Amino acid sequence: MAAAAPTGQSEYDEAVTQFERFLQDFQAEDDLGEMVPKYMQILTRVANRQERRVEIELDDVAEHMGDDMADKVRDNTLRYRELLGLAIDSVMPARTNDHVSPDVYDVLMDARVDAADAAASQSNVGAPDPNNKIPPALKRRYSVYILPRVKEKAVPLREVKAKYIGSLLTMKGIVTRVTEVKPLMRVATYTCDQGGREVYQMVTGSVFMPQFKCPIVGGCCDNRGSLNLQTRGSKFEKFQEVKIQEEPDQVCVQRPAEHVVLALSGMPVPLMQHPHCGPSCRCHRVMCPAP
């Protein structure tokens, strides 16, 4: 039976606190056999611009936080990935490599932070406008990946049903079609042509519908301005679709082979680096419905 997911915001906040302790306290053996803080070392490399992937193993979650939490993460992966991102932001160590020179991203982010602070101090309302709040995804220079447990068995494509929606699945199949890598909008950044404020739009799916009217009520233009999309200030991810079908030993007699379309996004993965058809693959993906 699947573990029950948290039903209130307080339980999600408690889960973030637990993930913070997990990231700080979990230790594993390194190549020399010594116990080291596994995830804090990964976060240090992220802070020093040496790493852009944070891979969370469910075996480590089960060892430190129990099987119940590992089952919750597996059954509601996208939501818990957001919670892990919040926990990582909270415990991210300071940069120790002083030889990293600032890039365009750093310049834009410093300007955004200064503009947001200035707008908050000039606003007549105590709290800043939520439409002008910088999304956490725009500040991050990493992606979170959740890896299934080693004992997790692959689910045959023919048995992938609606009960797996939102869950982390392991599937095997033969690659039959691979598309080119394309940019996928994740955070769209706009500038109001009257008030000059920046507006941010989170894009959670594969379809992007731009905004045209400024949504900020006070402190900008009172919804009179038009928005101009700032491509350079937006955040994109690499996106690729891969179609896989059942392996020959899984195809039922006198029935066509089942197939699944995988949407890959984020940092480069081996399948993106070698886009060709024919080989058998084993993948770990979150089951999501598509229109």
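How many salt bridges does the count come to? The count comes to 14 salt bridges, where a salt bridge is a side-chain nitrogen of Lys or Arg within 4 Å of a carboxyl oxygen of Asp or Glu. This is a predicted model, in which local features need pLDDT of at least 70 and side-chain atom pairs count only at pLDDT 80 or more, while totals for chains, interfaces and linings use all residues. Residues are numbered from 1 along each chain as its sequence is written, and side-chain values use heavy atoms, with hydrogens and water left out.

**Salt bridges**

- One of the salt bridges joins the side chains of D60 and K38, with N and O 2.7 Å apart.
- D60 belongs to helix 3 (residues 58–65) and K38 to helix 2 (residues 38–47), so this pair ties together parts that are 22 residues apart in sequence; helices (H or I, at least four residues) and strands (E, at least two) are DSSP runs, numbered from the N terminus.
- D60 has a relative accessible area of 8% and is therefore buried, given that buried means under 20% relative accessible area, exposed over 50%, and partly exposed in between (1.4 Å probe, protein chains only).
- A salt bridge also links D59 with R149, whose closest N and O atoms are 3.1 Å apart.
- Because D59 lies in helix 3 and R149 in the loop between strand 4 (143–147) and strand 5 (168–178), the pair ties together parts that are 90 residues apart in sequence.
- D59 is partly exposed at a relative accessible area of 22%, whereas R149 counts as buried at 17%.
- Between E198 and R112 there is a further salt bridge, with the closest N and O atoms 3.1 Å apart.
- E198 is in strand 7 (residues 198–202) and R112 is in helix 6 (residues 104–122), so parts that are 86 residues apart in sequence are tied together by this pair.
- E198 is partly exposed, with a relative accessible area of 22%, while R112, at 5%, counts as buried.

**Helices 3 and 4**

- In helix 3, the buried residues are L58, D60, V61, A62 and M65, and what covers them includes helix 1, helix 2, strand 3, helix 4, strand 4 and strand 5.
- After helix 3 comes G66, which has a positive phi, near 100 degrees.
- In helix 4 (residues 67–75), the buried residues are M69, A70, K72, V73 and D75, and these pack against helix 1 (9–25), helix 3, helix 5 (77–91) and strand 4.

**Nonpolar cores**

- A nonpolar core is a set of buried Ala, Val, Leu, Ile, Met, Phe, Trp, Tyr and Cys residues joined through side-chain atoms within 4.5 Å.
- The largest nonpolar core has 32 residues, of which F19, F22, L23, V54, I56 and V61 touch the most other members.
- Two or more residues of this core come from each of helix 1, helix 2, strand 3 (53–57), helix 3, helix 4, helix 5 and strand 4.
- A second, separate core has 13 residues, including L169, V242, C281 and C283.
- Leaving aside residues up to four places away in sequence, V54 touches I42, L43, V46, I88, Y142, S143, V144 and Y145, where contact means heavy atoms within 4.5 Å.

**Cysteines**

- The count of disulfides comes to zero, a disulfide being a pair of cysteine sulfur atoms within 2.5 Å.
- C192 counts as buried at 3% relative accessibility, and C214 counts as buried at 2%.
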